Each structure stands twice: as C-alpha cells, then as structure tokens.
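I have opened my notebook for a first walk through this chain. Have a look at it with me, and I will jot down what I look up.

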Amino acid sequence: MNRSGQVRLSKRDRLVADLSGQIRSGVLAYGDQLPGENTLAQRYRVSRGTVRSALSELQRQELITTQSGVGSFVTFDGVQLDQSVGWATALARSGFDISTELLGIERTTDTDLAQRYAVDECIAVRRLRRDRTAGPVSYEVALIPATPQLADLPERGLVNDSLTATLAAAGLHAERGEQWIGTETLTAHTAKLLERREGDLFLRAVRTSTDARGNLVEHVVSLLDPARFQFHLTFGRP
C-alpha cells in the first residue's frame, strides 16, 4: 500500500481493468474484435507477455473468447451463438423465442467412443429445439460418459433442465474439442420429429469436447435446419 492508502495496480491489472471496463460499458460491443497483441502492447506500453496474461484473465472472466489462428462459430438467423454455454442458453440470450423439448435420457454404448476414450457406457440425452411460431429447428443427441456422478441421470433428470449445468455439477469441464460439419438426409424417424419430409436435407454437426486430460466430456450430433443455421469460419490472428 502506498502513502495515499491506495493499492498500486500492476501494468497487467490496469490493462485488464481498462479492457473489462470498455466491454462492460459497451464501448467494445458483443462480437467486436479486440486489437492484436502487438497493437495492445504498443498502445498500453507493455510487453506482449503482459498482454497475453491480461487476455487470459479476461477469458477467465468470460468477457472474451480467444481464438488462435482459426476459429469457427455457429450462427442462428445471422446471430452468433456461444456454444460454450449450451445452445438453449445461447439462443435465449440472443432474444429468440426457442423452447427445448427433452425427448429422453437413457443409457447406451458407442463403439467409437469406447475405442477413442475408453468409455464403456454413455448416457444419451435427446432434445428437440422448437421455434414457437415456425416449428422445430434442430434435433440433437448428446452422449456423455456414465461416470459415477452421472450414472443415475436417466432417473433423476438434468440439473435445472440444462445439460451444461449437469456436466458442471458432475465436475466435467470442456477444455478443447473438435467439430465436423456436413449434411444428412432425414430418415422417417427424424423427419417426423422435425415435422419435415423424409429425405429433406439438413446440416449435420458433430462436436466432441474433452477435458484438460483428454477425457471425454460430451459428444453431440445435431441436425440443424439449413434455412436457420449457418457456420461461420474465421482465419488469421485476431
């Protein structure tokens, strides 16, 4: 503590405070891109290491998402969705009137996941997302490991009707992952769920998330209405 009785902030803390203030006040709006590391280092007269540390803290506070080199994100009717909070929450935060219908939770096995992640048994969570005026817009099946904390999930249900909250309560936190995008024609079963015709073409998104040790957290296969969902790819350093 100095003579004035005030705590002296480090360069890193001053940078965090200034950037977080701009974000919270709306000067840096949602979706805006921060200047690059070199620009921030020159503007604030700090090292690039200080800038990286400050950006890591802003990411920890969930104020920014740092993409290294290449990044992609989902959009719904042109609005970016933050998949890290779950699509139901992301859609709600974006102002869309979307409801989520839980179709079922059951135990199952998956040969590929068993080989890749040594997961003997999974819990399948099947959900349908519906625009209250236009009808179903997506159908997804999420496979999560049947850990001791999740083994009774089919009987007790999701925490606060949220799979994201359920995984967090079980101590499962996604640190990295991969996503594949393709197309798939609707079967008689999925066409009935989505209230479309059999053979209609939908986007098929497969997203696999793992924790810091590479253990499976979540494997999600989604069928998305191509008239409502798009995938946006960015490249180059932010």
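In which strand does Phe231 lie? I found Phe231 in strand β9, residues 229–235. Helices and strands here are DSSP runs, H or I of at least four residues for helices and E of at least two for strands, numbered from the N terminus.

Before going on, I noted that this is a predicted model, in which local features need pLDDT of at least 70 and side-chain atom pairs count only at pLDDT 80 or more, while totals for chains, interfaces and linings use all residues. Residues are numbered from 1 along each chain as its sequence is written, and side-chain values use heavy atoms, with hydrogens and water left out.

**Entry: more on Phe231**

The classes are buried under 20%, exposed over 50% and partly exposed in between, with a 1.4 Å probe and protein chains only. I also checked Phe231 against Ile181: 50 residues separate them in sequence, and their C-alpha atoms are 8.3 Å apart.

**Entry: the whole chain**

I listed eight helices and nine strands. Of the 238 residues, 39% are buried. The accessible surface is about 14,100 Å², and carbon and sulfur atoms hold 47% of it; the method is Shrake-Rupley with a 1.4 Å probe, and for residues only the protein chains shown count as cover. Among contacts with a separation of 6 or more, 56% join residues 24 or more positions apart. A contact means heavy atoms within 4.5 Å.

**Entry: the cores**

Which residues have the most contacts inside the largest nonpolar core? They are Val125, Ile144, Leu163 and Leu167, in a core of 14 residues. β4 (122–131), β5 (135–145), α7 (163–169) and β8 (216–224) each give two or more residues to this core. Such a core is a set of buried Ala, Val, Leu, Ile, Met, Phe, Trp, Tyr and Cys residues joined through side-chain atoms within 4.5 Å. Apart from this core I found another, of 13 residues, including Leu19, Leu40, Ala41 and Leu58. In soluble globular proteins, nonpolar side chains tend to be buried together.

I then followed Ile144: leaving out residues up to four places away in sequence, its contacts include Ile123, Leu150, Leu163, Leu167 and Val217.

**Entry: α2 and α3**

How do the axes of α2 and α3 cross? Helix α2 (residues 37–44) and helix α3 (residues 48–60) have axes that come within 9 Å and cross at roughly 110°, so the two are roughly perpendicular. The axes are lines fitted to C-alpha atoms over the stretch in contact, with angles from 0 to 180 degrees between N-to-C directions; 65 to 115 degrees counts as roughly perpendicular, under 35 as roughly parallel, over 145 as roughly antiparallel and the rest as oblique. From α2, Glu37, Asn38, Leu40 and Ala41 meet Arg48, Val51, Arg52 and Leu55 of α3.

**Entry: two loop residues**

Arg45 sits in the loop between α2 and α3. Its phi is positive, about 55°, although Arg45 is not a glycine. Arg45 is exposed, because its relative accessible area is 73%.

Asp161 is in the loop between α6 (153–156) and α7. Its phi is also positive, near 60°. Is Asp161 buried or exposed? Asp161 counts as exposed, because its relative accessibility is 71%.
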